[in-house]
Amino acid sequence: MSLDRLLGSLLCGFARLLTGVRALWLGCEPAPRTRVYFANHRSHGDFVLIWASLPPALRRRTRPVAGADYWLTTPLRRFLIERVFNGVCIDRRPERHGPNPVEQMGTALAAGESLILFPEGTRNMGEGLLPFKSGLHHLARAHPEAELVPVWIENLGRVMPKGSLIPVPLLCTLSFGPPLVPVEGESRDAFLTRARAALLDLAPPTD
Amino acid sequence: MNASSDLFTVFAGIFGLLAVFSLIGAGLKWRISPGAPHGVIDNLNARIKAWWAMIALIGAAIWLGKGGVIALFAFISFQCLREFISLTHTRIGDHRALLWSFFVFLPAQYILIGIDWYGLFSILIPVYAFLLLPISASLGADTTRFLERAAKVQWGLMICVYCLSHVPALLTLDIDGYAGRNMLLIVFLVLTVQSSDVFQYVWGKLIGKRKVSPAISPSKTVEGLVGGVLTSTAVGAALWWITPFTVLEAALIALVINVMGFFGGFVLSAIKRDRGVKDWGSMIEGHGGMLDRVDSISFSAPIFFHIVRYWWVA
């Protein structure tokens, strides 16, 4: 086993120990299909937790989509995202010069890999869900063969909120919902609203 | 008889009973649904299996002595507090208060038992945590549902840490003519209260009809409650020989802690209901979470501790 892989397994093990993560496959099974897992985003650990909940064989073919402006800024982050997590680093700025993010993600899907995507586009510091960015819609249009699976991550944002150094050892739950059913001729906004509602459906009731 | 031979007798008895239950469970499975899943029987067998593990764990802790029992209950508290806070709505402003709860108050409470400092043990959480945690939360500068959040964190600490820590604290009591046998008080408490849970389940499944309160718990019945509490009161009375109590005293005390234990499960069911869940977690197969298993002990341990301390400690 290579060092990168060993490190990945260790990080997954640590994340599971810290969060006691429980994966609830409510709407689908962990299967070797081309999928886009789209989830709510509260913490940098979000994709690690999804990754850790997948069987190892699927994990290696599932790549997190990560913001280049955060993950490529220090050598350690770059090493983690590129070598350990095999992420797809995209440039989120509108004035970018590099490759088109949707094309980058599409290349991975075309190669039979799955993606972990946070369609809110950034970490949400409040409650609920931010409006979705349009990338998910472009991907769905270009790759109808990929299943879009909503994943609600409960509690990780409380384990280690932004700016804190020590984690609180709360238990996290990941709810995997049913894949979105494609609707012919649906507008972009209608699709994004529907995808967001499908993810919110998996959230526990608020008080 | 000395304490270790009494402990040996009790544990041999429990393991013997578990063996009988396992045989009955296997027999039921074989008679009623061989090879096919059966909700009630499979859950029963999962519970019996988990009991083996739990009794073995308690036995090992007791064998290790005071340190082992303190460590075991500190771990149980940690797991319960995790389950409790995970299902409770807190906000980012509570992060620091939660860190204090998990990493300062919880270990401190158990260390105080280890160093036998009763004065601080009895007020650390009701006084110091009660005042310091809201201060810490207020520094988070978030006023949304502030009182509710502060109350939830304090309540979690009380139920999961303060109340449960009264079990190992039994080891610090000085009882005339009972020196070196305090471990047996823990066995009496845990065995009586847990057997009450088991007998309530058994009586409820056998003859349960009228629900105590369908709004709070669909599985608790009046028949189960009365049958369970009375049966385990008899269990407590039959265990009088390991305690400093007479038979009658043992029966009365068992009755009190069994009733408290029942309401412990009842109160925590009300919280679970409000949060829309059935179990606190999934740690123990067939039982749910750790807090599902020890809710009754949490409510009965402080009362038991103070009954013994008031009437038996010189």
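What percentage of the 207 residues in chain A is made up of buried residues? In this predicted model, buried residues account for 39% of the 207 residues in chain A.

**Chain A: overall dimensions and fold**
- Taken along the principal axes, the box filled by the C-alpha atoms of chain A is roughly 45 × 45 × 35 Å.
- Chain A contains 9 helices and 7 strands, and of its contacts between residues at least 6 apart in sequence, 72% join residues at least 24 apart.

**Chain A: the annotated region**
- An unreviewed UniProt entry lists residues 35-156 of chain A as "domain: Phospholipid/glycerol acyltransferase".
- Over residues 35-156 of chain A, the chain is 37% helix and 21% strand, with its end C-alpha atoms 23 Å apart.

**Contacts between chain A and chain B**
- On the chain B side, 14 residues are in contact with 13 residues of chain A.
- Helix H3 (66-86) and helix H4 (95-114) of chain B each supply at least two residues of the side that touches chain A.
- Sorted by class, that side of chain B has 5 nonpolar, 7 polar and 2 charged residues.

**Chain B: domains**
- Chain B is divided into domain 1 (1-64), domain 2 (90-172) and domain 3 (181-314).
- Between domain 1 of chain B and domain 2 of chain B, the C-alpha centres lie 35 Å apart.

Key:
Residues are numbered from 1 along each chain as its sequence is written. Chains are lettered from A and ligands numbered from 1 in the order in which they are written. This is a predicted model: local features need pLDDT of at least 70, side-chain atom pairs count only at pLDDT 80 or more; totals for chains, interfaces and linings use all residues. Domain bounds come from an automatic or database domain assignment. UniProt positions are given in the numbering used here, feature names are shortened, and annotations may be inferred rather than shown by experiment. Helices (H or I, at least four residues) and strands (E, at least two) are DSSP runs, numbered from the N terminus. A residue is buried if 20 or more other C-beta atoms lie within 10 Å of its own, exposed if 12 or fewer, and partly exposed in between; C-beta atoms are placed from the backbone. Two residues are in contact if their C-beta atoms, placed from the backbone, lie within 7 Å. Ala, Val, Leu, Ile, Met, Phe, Trp, Tyr, Cys and Pro count as nonpolar, Asp, Glu, Lys and Arg as charged, and the others, Gly among them, as polar.
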